[in-house]
Amino acid sequence: MTDAIKDSTHSQEPVVTCFYCGDDLPQSEFSDEHIWPAALGGDYLSPFWRTDDVCARCNSISGVYVDGAFIRGWAGSRERGHDARMYLSPTEPLKTVLPLDYLGKLTDPAIPSGNVADWWAGPCGATIVHFRPEETSDLWKSYLGGDPRAKKADAGRAYMALASNTEYWLLGALGSFKKHFKRAKRYIVTPGLPSNWTAFEQVNREDPLQAAELAVIDAMLERAKAGQSTPARLEMDLTNVGQRWLCKLGLAIGCQIFGAGFGKHADGELLRRAFREANPEKRKQYKVRGSAYFSGVGGLAFLAWPAGWVLQLQVLKETLSLTIVTPSGQTMAVQVTDDQDLISEVPADIVAGQAWIVVPSAARAVGPIGISDYVAHITKSLPNADLKALETNCIDPATLPAC
Ligand SMILES: [Zn+2]
């Protein structure tokens, strides 16, 4: 296979083995892969979490179907919003943009047919409804906001009703709304939009489509005023959340430490098959050790960092594993290898345990640092200078302007 491809390239272009598919391909078919996703702060991590040894096709497929399934799902969305307020600037509301909270799909029969109405909550109680075309496949049902690729053709219409008159939260809500619905048409339902905010439109009730959609939103706001709830459906797939993503991370870490040849080793092959298998039933045959999002125990919650992801790589019980502590203190883990020949090649600092702390809302990361140094810092036994610097960006949300 390698030779056949080498012969067919007719050039001196070097051939590289892709970490994810294991194919030997010309270097021009490779692209920069965030092993740790950019949406979770991958840009701020040390070079260990990036690689040029993933082909563009694998990069794109894993971004949408593997990383995306976790990041755009309910669990990923909740985690991204967890404690994000702790990194807001008390004076500059737009310095950090808060993620929105997903509340479900509205079930109002008045929603124009063929459309879905997603209900989101913005900062300080803003109500947001996003009308978009219905998913064409069940695959996208657990992606909040539907098929991420469909946005290119029709990103729908997003409406926001503001709940606060405070300038700080007004600007914060507009900033979050704009960032979240980059491609959609954005309407502000509340009158009196600041004139310098040209990224939004005031609603036009003469427009038949807008009128139909606004009727749904008006009914919601009326119900809220009367203290009644709005019916919505939250589609949560609780099985194996993040499992494919963990397998991808395990494979990539193995390749970073042992070289692309790890993909041909039995442990690498197992991780690859599990990561590439879309069908969860078929994936069960691959006995990868670890714990997906909802199956992870919360016992490591004390290791959590406010709004941060704590990534730990360590050899424990003769096994190299990645453990992730999420912003809310959930644990996710994947075993990379327990082959002692490979373990003997692991650098001593990783054997002892290294940690990376990445805080997307602070646009910063720390690491690698020793896990013992991390624990010493968070238990206040011995402060670590880099972590102290990360903490200086933290605020007490109670000091923010009132809603
Ligand atoms: Zn590939």
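**Exercise 1. In which loop is the place of A307? Locate A307 and characterise its backbone and surroundings.**

The model is predicted: local features need a pLDDT of at least 70 and side-chain atom pairs count only at pLDDT 80 or more, whereas totals for chains, interfaces and linings use all residues. Residues are numbered from 1 along each chain as its sequence is written.

Step 1. A307 is placed in the loop between β12 (290-291) and β13 (309-316), where helices (H or I, at least four residues) and strands (E, at least two) are DSSP runs numbered from the N terminus.

Step 2. Although A307 is not a glycine, its phi is positive, at about 60°.

Step 3. A residue is buried if 20 or more other C-beta atoms lie within 10 Å of its own, exposed if 12 or fewer, and partly exposed in between, with C-beta atoms placed from the backbone. A307 has 26 C-beta neighbours inside 10 Å, so it counts as buried.

Step 4. D83, in the loop between α3 (74-81) and β5 (101-106), also has a positive phi in a residue other than glycine, near 60°. With 18 other C-beta atoms within 10 Å, D83 is partly exposed.

**Exercise 2. Describe the overall dimensions and the division of the chain.**

Step 1. The chain holds twelve helices and 17 strands. Its radius of gyration (taken over C-alpha atoms) is 23 Å, close to the 22 Å that the globule rule (2.2 Å times the number of residues to the power 0.38) gives for 403 residues, so the chain is as compact as a globular protein of that length.

Step 2. Along its principal axes the C-alpha trace spans about 70 × 55 × 40 Å, and 41% of the 403 residues count as buried.

Step 3. An automatic or database domain assignment supplies the domain bounds: domain 1 covers 27-70 + 241-391, and domain 2 covers 91-233. The centres of domain 1 and domain 2, taken over C-alpha atoms, are separated by 34 Å.

**Exercise 3. Examine the hairpin of β16 and β17.**

Step 1. Strands β16 (residues 354-359) and β17 (residues 364-370) run antiparallel and are joined by five bridges, and Q354 stands opposite G370 in β17.

Step 2. Four residues lie between the strands, and A363 takes a positive phi near 55°.

Step 3. P368 lies in strand β17, and the peptide bond joining G367 and P368 is cis, with omega about 5°.

**Exercise 4. Which residues touch the most other members of the largest nonpolar core?**

Step 1. A nonpolar core is a set of buried Ala, Val, Leu, Ile, Met, Phe, Trp, Tyr and Cys residues joined through C-beta atoms within 7 Å. In the largest, of 67 residues, L322, I357, V358 and V359 touch the most other members.

Step 2. Helix α6 (residues 243-258) gives the largest share of this core, nine residues. Apart from it lies another core, of 31 residues, among them A126, L162, Y168 and W169.

Step 3. Two residues are in contact if their C-beta atoms, placed from the backbone, lie within 7 Å. Leaving aside neighbours within four places in sequence, I357 has contacts that include W305, V310, A365 and L390.

How values were computed. Two strands pair if DSSP finds at least two bridges between them.
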